[in-house]
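Me: I'd like to learn how to read the contact between two chains. Could you walk me through one case?

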Amino acid sequence: MSLENLFSLDLFSFSPLAWLAAAFAGLFFILVVIYSLNFMKGRKGLFRYYLYTVLTLVLTLGVIFADNLLLLVILWGFLGLLLYLLIGFGRTPSTPATARKALLIVGGTDAMMLLGLALVWFLVYGPGTGLSGLAKLSFSTVTIPVAGGLSVAAFLLLASAALAKAGAMPFHTWVPDMAEDAPIPVTAYLPASLDKLLGVFFLARISLELFILDSTLGIVLMALGSITIMAAVMMAMVQHDMKRLLGYHAVSQVGYMVLGIGTGNPIGICGALFHMFNHTIYKSCLFMAAGAVEKSMNTTDLHRLGGLAKLMPLVFGAFFVASLSISGVPPFNGFASKWMIYQGIIGTAGNGWTWIIWLTAAMMGSALTLASFMKLIHAVFLGQASPHVTKIAESSRPGTPFALAAPIAVLAVLCILFGVFADRIPFGELFSPVLAGEPVFPGLWSSTSATILILAGLFLGMVVYLLGSAGKTRSVAPFIGGEDLDARPSMRVSGVDFYSTVKDVKPLGVLFDWAERKHFDCYVVGLRFADFLGGILSGLHNGLLGRYVLWCLAGVVALYLALIG
Amino acid sequence: MILLNLLVFGFLVTSILGLTASWVDRKVTARVQYRVGPPFYQPLVDIIKLLGKETLVPTGSYRSVFLGAPLLGLAGAVTAASVLWMNQIHPQTGFTGDWIVVIYLLTIPSMSIIIGGFASRNPLASLGASREMKLVLSYELPFILAMLVPVVHSGLSIRLGDILLAQREAGAFAGNLSGILAMLVGLLCIQAKLALVPFDAPEAETEIVHGPLIEYSGTGLAMYKLTKNMMLFILPFFLIQMFLGGFSLAGWGILWSVLKFVGVLALITVIRNTNPRVRIDQAMRFFWGPMTVIAAVSLILALLGL
């Protein structure tokens, strides 16, 4: 194929949705760079760090705008490599292992994606076309109705790459590990924002542009989404490291997006994509707030934190807003998109009774999310300060540098804006071509008037306050049955073990136990399987002469049988 | 218009009815315990008295959150109440999905109590607030399932107005087998939502001295009391809208409405006066076990059209 032919292909397409995703990617790039200026100061290899960050942005834009599937797969592959390189800037002892894990999971699913692409090629052109056919596959020209084994396999292979990138189950385990080990700006940049944009956007495009799904595959997606929501949030509740806890939420929230795409109706898909954008906002805000805590306290271990709200009020305020957003409390942005997803789920009620399970999982998932964020807020910001925090607060006055505070504040404001003005967003125009034409919604959540109601309620409360004596307050020691709190540090409640009760409930305890032994980690399970296979194979050649003579004899016998037969 | 509705119905009417409900509850409790009980205006007088008292803030706590948390709870309750009243008065005008919004708004008062407790810098308050959170988790699952039963009966509409209109045509959903089961589950969930005995582990006066509210005094406590009293009206109101066809505000309907409300309230009061407190893990097992099963069964029955 000559060079001119290559350029005559439609390599890129510029849809409104792609522009929106690109704008978000650009926004997060700017915020992460500002954040890194302070956070990464003084580390080694900063030139490489910023180089990788820029390259990630360029490749991400390429994937977002790519129309040609081959081009997309190539760019996608490099992103996995950059992820590996960026995790490498972590400074914990387990960083290399985590980076390897992420590379293997993401790289392994890249291979599946390539296989999926080959199947698409086969399905479109049949056997016998050369490479020219492979290079011509694009979203805008190819449409495959899902029917029969091959097309289902092709869809699932392509979807697995999207799920691994976004961090949905069963390819999720690299996200919490990475959240714990990689530097915070990298976590806020990749798994929290760009990888979500890439993965969910790609999933939406293959589910809605490339393939025509039937309701069975939709149910598979919805089941995957629901399991992801519930299992990851349950794990998040019992974590005792702030970053790891947030990492599990980065997994759990993908469940909502997969669930929304699985519904297959306009409002569900719209909700899923809107949730994707909302997620990138509140999640990077949360991670960046965790970074600010780590920067001033040198730890994210929940046992050693507490009482930070007074020391870093701005970070607390932003974290609080983002927590309410992720838990889906009206009128913040998480509620607006979850609300649309719920509507989408109810819209699938025509396909049987399964919608009840998905709806319950999604709504219950929100309550569990709220619970785990209440725990975080207590353990990090509101509860009693730990000796560690007190020591640091006495020796230096910990503040939040502007470069850390600015991105956090911007993102928190976005959480509010996207929530309050959710009913003003022209979804039909913005989310084409995934949504063909102006979608018909069964009604939108009137976020603006609801916000006015809530604000009016707050105002009423203020009036009641003014009627009372809240203007002048007196400070007294907390009452603990006559004990002196400061004299007895052992009385401090850190909040880390708030939800250990959940582990005592019968079937859940077993599941938690299995999860701790990593029975659900595809990477560890894969390693165990490889070890098992390796054990068999290495048993075959153990270096003892007798074993080899046996193989020679067996070979001769086999040859003999083959020849006489 | 919506602001007027919020002020008049969401706040004034709801708080008057809430205070009255609180009086009924106290009076019935007193009669059960062979006491005389307080006069009619007592709940209001209590709140006015608290408003006049000094507001104390525990040292070392985060002041603005400590004092701001009660506002959040009141705002949530008032907003939920005005959405419910709007549906009661004009069932046609509500927006699709207000069912979801109300379920979310009804958890905000619990959330405000939790945040307030956390901000108190008091270990007892932290423990109580964590129990409250676990209680929310426990009852939320059966509560969602039970509240889906009216949704199924009204032809899969998540508009409260449609649920009310469907009941006006076909009679209250509590008349069905699935409806009565789901209403039973809903009633027990409401008991927990109000943190009343037997699910008052978060406040457990004898052990953790009112838990999250231990440090509150004066105006803050008055706000929480007011919110709780309002919830004592709002939650039965929601249940009545979902299962008993809502209120009717004309002619003899008023008497019938009062009967419905007092009936639900009396059940709540009797349950709280005749049961001992359960531990939080027992409550969790109770809600995630039998209650969820009953709610699921009623939902299956509803899907079968029973």
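**Reading the interface**

Reply: Happy to! Let's start with charges: across the interface of chain B and chain A, the rule finds 0 salt bridges. Keep in mind that this is a predicted model.

Me: How many residue pairs are in polar contact between chain B and chain A?

Reply: The count is 3 residue pairs, with both residues at pLDDT 80 or more.

Me: Which elements give residues to the side of chain B that touches chain A?

Reply: Those giving two or more include β1 (55-58), α3 (63-89), α6 (123-153) and α12 (280-303) of chain B. The most comes from α6(B), with 14 residues. By class, that side of chain B has 50 nonpolar, 13 polar and 9 charged residues.

Me: And how should I think about the size of an interface?

Reply: It is often given as the accessible area lost when the parts come together. Here, about 6,500 Å² is buried between chain B and chain A, and carbon and sulfur atoms give 78% of that area. On the side of chain B, the residues that lose the most area to chain A are Y104(B), F118(B) and R121(B), together 11% of what that side buries. Counted by residues, 72 of chain B are in contact with 75 of chain A.

Me: In which sense do strand β3 of chain A and β1(B) pair, parallel or antiparallel?

Reply: Parallel, over 4 bridges, with β3 of chain A covering residues 473-476. To find one bridge on screen, look for V476(A), whose partner in β1(B) is P58(B).

Terms used:
Residues numbered from 1 in each chain as written. Chains lettered and ligands numbered in written order. Predicted model: local features only at pLDDT ≥ 70, side-chain atom pairs only at ≥ 80, totals over all residues. Heavy atoms only, no water. Contact = heavy atoms within 4.5 Å. Buried area = accessible area lost by both parts, 1.4 Å probe. Salt bridge = Lys/Arg side-chain N within 4 Å of Asp/Glu carboxyl O. Polar contact = N/O pair within 3.5 Å; in protein donor to acceptor, adjacent residues only side chain to side chain. Nonpolar A, V, L, I, M, F, W, Y, C, P; charged D, E, K, R; others polar. Pairing = 2+ DSSP bridges.
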